[in-house]
Amino acid sequence: MSSNTVYASLSRRERQIMDVLHEENPISAKDIQLKMPDPPSYSAVRALITRMVDKGVVAFSREGTKYMYRPVQAQNSVQASAISRLLKTFFKGSKIKAVTALLDADGAEMDAHEIEELERKIARLKKQSK
């Protein structure tokens, strides 16, 4: 089973741990617990991390007396997989439908810099397609 498939099958709590690991790593189990929303007990966090190590999505190293954890897969790889599933599930594979939905939902909140960045990316794509 690929790591993307394993990542897609993570529980809500495991995904929360992955979010923490992608924000800061390496990180201890105690610090993971402190950064989780409505955190479970420390022993529950340790059990979840152990299960995630067994699944191959989390790795660890020892620093002194602490075990430090990090994601096995880079965040951009996980993001690409998540976007692909999102497109397939909610937008029938259509990138334009997904972008339109994002702009309809949050377009008014974009600042001038973000709009310019979006325009540059569109211009680059136009050049590449010629």
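Select lysine 35 and show its surroundings: leaving aside residues up to four places away in sequence, lysine 35 touches Val20, Glu24 and Ile27. The model is a predicted one. Lysine 35 belongs to helix H3, which covers residues 29-35. Its relative accessible area is 41%, and because this lies between the 20% and 50% limits, lysine 35 counts as partly exposed.

**Helix H2**

Select residues 12-23, which form helix H2.

**Where H2 meets H4**

The axes of H2 and H4 come within 10 Å and cross at roughly 85 degrees. That angle makes H2 roughly perpendicular to H4. To see the contact, show the side chains of Arg13, Glu14, Ile17 and Met18 on H2, then those of Val45, Leu48, Ile49, Arg51, Met52 and Lys55 on H4. Sorted by class, the contact of H2 with H4 has six nonpolar residues, four charged ones and no polar ones.

Turn to the strands. Which order do the three strands of the open sheet follow? The order is S1-S3-S2, and the pairing is antiparallel. Strand S1 (27-28) and strand S2 (58-63) are at the edges; each has a single partner strand, so one side of each is left without a neighbour in the sheet. Strands of a sheet pair through backbone hydrogen bonds, in a parallel or an antiparallel sense.

Select S2 together with strand S3, residues 66-71: the two pair in the antiparallel sense over six bridges. For one of the partners, pick valine 58, whose bridge partner in S3 is proline 71.

Most residues other than glycine have a negative phi, and most peptide bonds are trans. The next selections depart from this in their backbone angles.

Start with proline 26, in the loop between H2 and S1. The peptide bond from asparagine 25 to proline 26 is cis, with omega near 0 degrees.

Move on to aspartate 38, in the loop between H3 and H4. Aspartate 38 is not a glycine, yet its phi is positive, at about 40 degrees. Is aspartate 38 buried or exposed? Its relative accessibility is 65%, so aspartate 38 counts as exposed.

End at lysine 92, in the loop between helix H5 (75-90) and helix H6 (95-106). Lysine 92 is another residue other than glycine with a positive phi, near 50 degrees. With a relative accessible area of 77%, lysine 92 is exposed.

Technical notes
Residues are numbered from 1 along each chain as its sequence is written. This is a predicted model: local features need pLDDT of at least 70, side-chain atom pairs count only at pLDDT 80 or more; totals for chains, interfaces and linings use all residues. Side-chain values use heavy atoms; hydrogens and water are left out. Two strands pair if DSSP finds at least two bridges between them. Helices (H or I, at least four residues) and strands (E, at least two) are DSSP runs, numbered from the N terminus. Contact means heavy atoms within 4.5 Å. Axes are lines fitted to C-alpha atoms, for helices over the stretch in contact, and angles run from 0 to 180 degrees between N-to-C directions. Angles under 35 degrees count as roughly parallel, over 145 as roughly antiparallel, 65 to 115 as roughly perpendicular and the rest as oblique. Ala, Val, Leu, Ile, Met, Phe, Trp, Tyr, Cys and Pro count as nonpolar, Asp, Glu, Lys and Arg as charged, and the others, Gly among them, as polar. Buried means under 20% relative accessible area, exposed over 50%, partly exposed in between (1.4 Å probe, protein chains only).
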